[in-house]
Amino acid sequence: MQKQEMRQGINDSIPIILGYLPLGFAFGVLANEAGMSIIQATMMSALCFTGAGQYIALGIMQAGGAVFTIILANVLVNLRYLLFSTSLVPYFKGQVPTAAGSLLSYGLTDETYAVSMNRYQSHPPTVSYIAGLYLSSHTGWITSTLLGATLGAYITNPDRLGLNFTLPAMFICLLVFMTRRKSDVFVALSSAFLCLLIGYLAPSTMGNLFNIIIATIIAASLGMLINEQH
Amino acid sequence: MNSTSIWIMIIGVSIVSILPRILPVALLSRYEFPAPLKKWLSFVAPAVLSSLTALSVLAPGGNIDISINNSYIWAFIPTLLISVKTRSLFYGLLAGIITMAVLYNFIF
């Protein structure tokens with residue numbers, strides 16, 4: 001373990017945890033309302049670590065849906081991680097042992113992906129960095145769920161603090177840092193446009209996040225064409 | 001939903017959310033990707049980030065809301081300007097969070 005790398009990972013997780021706080025908290029509160037115990041809500045955050053998927057589970061539970069429906073919806077929502085994880089493989093090669101990389105990938109989320117990819121543009125990945133970033137983010141998610149499930153009734157609106165904008169703000173900043181090549185800007189704009197267009201034309205994709213997958217695949221392919229011509 | 005069903009649901013969701021994250025790293029690491037695939041994959045991060053940004057700002061409640069009443073769009077502007085200007089995540093976040101807090105408490 002390299003202390004410096006791990007510390008850097010933990011440092012980089014601070015904005016993520018700040019953003020998870022209101023989201024995990026709200027999940028804890030809502031899970032309670034949907035009939036989950038404090039232990040179940042907290043364990044779900046520990047075992048699943050999939051914000052969108054967990055919220056969808058609550059929605060289906062409250063609509064009286066079946067366990068099978070929840071799992072199927074989660075298959076769709078989590079498919080995007082296939083893309084994320086695959087795009088990390090070239091970075092891990094020769095830097096991160098496969099066993100450690102696979103195990104730690106448990107902690108791969110939209111946010112940890114965004115932050116770590118930004119880091120890998122200038123520093124090679126290390127097991128210590130990934131462990132620091134992922135485990136600390138995951139701990140934040142679990143803790144905020146526990147807080148929400150136990151203290152939910154006592155806390156009034158956390159939106160007053162503006163924390164609901166933490167994750168959007170983080171995505172904006174990381175997007176700015178990561179679009180270096182002209183082709184990146186083109187890919188990013190196409191992807192944003194396609195994602196909204198698909199969500200507009202097929203509203204169900206807004207819920208299962210399939211619009212992200214389709215937009216990413218098309219936009220990345222467009223990037224290849226653009227690049228080819230130069 | 002009873003307690004047993006909830007536990008089954010949690011374990012099921014856990015499996016389907018963990019597998020797609022772990023399997024590519026576990027199974028594909030021993031292969032050397034061809035150059036065009038590597039190039040294609042290098043566009044995945046900007047594309048994903050951009051989609052996430054678009055959704056989180058233009059559809060904060062899960063439905064697309066492109067109007068002056070969407071406070072996320074207003075908070076987007078200073079966040080973008082500050083992050084381009086300073087190239088700092090810290091100041092970018094600060095700009096966004098403060099703007100959102102001000103909008104929430106005094107305007108919307």
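At what angle do the axes of helix H1 and helix H2 of chain A cross?

## Two helices within chain A

In this predicted model, helix H1 of chain A covers residues 3-33 and helix H2 of chain A covers residues 38-47. Their axes cross at roughly 135° and come within 9 Å. That angle makes H1(A) oblique to H2(A). The crossing of this pair, H1(A) and H2(A), is right-handed.

On the H1(A) side, the contact is made by A:Phe27, A:Ala31 and A:Asn32. On the H2(A) side, A:Ile38, A:Ala41, A:Met44 and A:Ser45 take part. Sorted by class, the residues of this contact between H1(A) and H2(A) are five nonpolar, two polar and no charged.

## The interface of chains A and B

How many residues of chain A are in contact with chain B? The count is 91 residues of chain A, in contact with 70 residues of chain B. Between them, the two chains bury about 6,900 Å², and 77% of this lies on carbon and sulfur atoms. A:Gln40, A:Phe165 and A:Leu196 supply 9% of the area that chain A buries against chain B, more than any other three residues.

## Helix H9 of chain A against helix H3 of chain B

The crossing of H9(A) with H3(B) is left-handed.

H9(A) contributes A:Pro168, A:Phe171, A:Ile172, A:Leu174, A:Leu175 and A:Met178 to the contact. H3(B) contributes B:Ala45, B:Pro46, B:Leu49, B:Ser50, B:Leu52, B:Thr53, B:Ser56 and B:Val57. The contact of H9(A) with H3(B) has 11 nonpolar residues, three polar residues and no charged residues.

## Helix H5 of chain A against helix H1 of chain B

The crossing of H5(A) and H1(B) is right-handed.

In H5(A), the residues that meet H1(B) are A:Tyr81, A:Leu82, A:Ser85, A:Thr86, A:Val89 and A:Phe92. Their partners in H1(B) are B:Ser17, B:Pro20, B:Arg21, B:Pro24, B:Val25 and B:Leu28. The residues of the contact of H5(A) with H1(B) comprise eight nonpolar, three polar and one charged.

## Salt bridges

How many salt bridges does a search of the whole structure find? Over all chains there are four. Between chain A and chain B the count is zero.

One salt bridge joins the side chains of A:Arg119 and A:Glu5, with 2.9 Å from N to O. A:Arg119 lies in helix H7 of chain A (residues 110-120) and A:Glu5 in helix H1 of chain A. The two residues are 114 residues apart, and the pair links distant parts of the chain.

How values were computed
Residues are numbered from 1 along each chain as its sequence is written. Chains are lettered from A and ligands numbered from 1 in the order in which they are written. This is a predicted model: local features need pLDDT of at least 70, side-chain atom pairs count only at pLDDT 80 or more; totals for chains, interfaces and linings use all residues. Side-chain values use heavy atoms; hydrogens and water are left out. Axes are lines fitted to C-alpha atoms, for helices over the stretch in contact, and angles run from 0 to 180 degrees between N-to-C directions. Helices (H or I, at least four residues) and strands (E, at least two) are DSSP runs, numbered from the N terminus. Angles under 35 degrees count as roughly parallel, over 145 as roughly antiparallel, 65 to 115 as roughly perpendicular and the rest as oblique. A crossing is left-handed if the near helix is turned anticlockwise from the far one by less than a right angle, and right-handed if clockwise. Contact means heavy atoms within 4.5 Å. Ala, Val, Leu, Ile, Met, Phe, Trp, Tyr, Cys and Pro count as nonpolar, Asp, Glu, Lys and Arg as charged, and the others, Gly among them, as polar. Buried area is the accessible area (1.4 Å probe) that two parts lose on being put together, summed over both.
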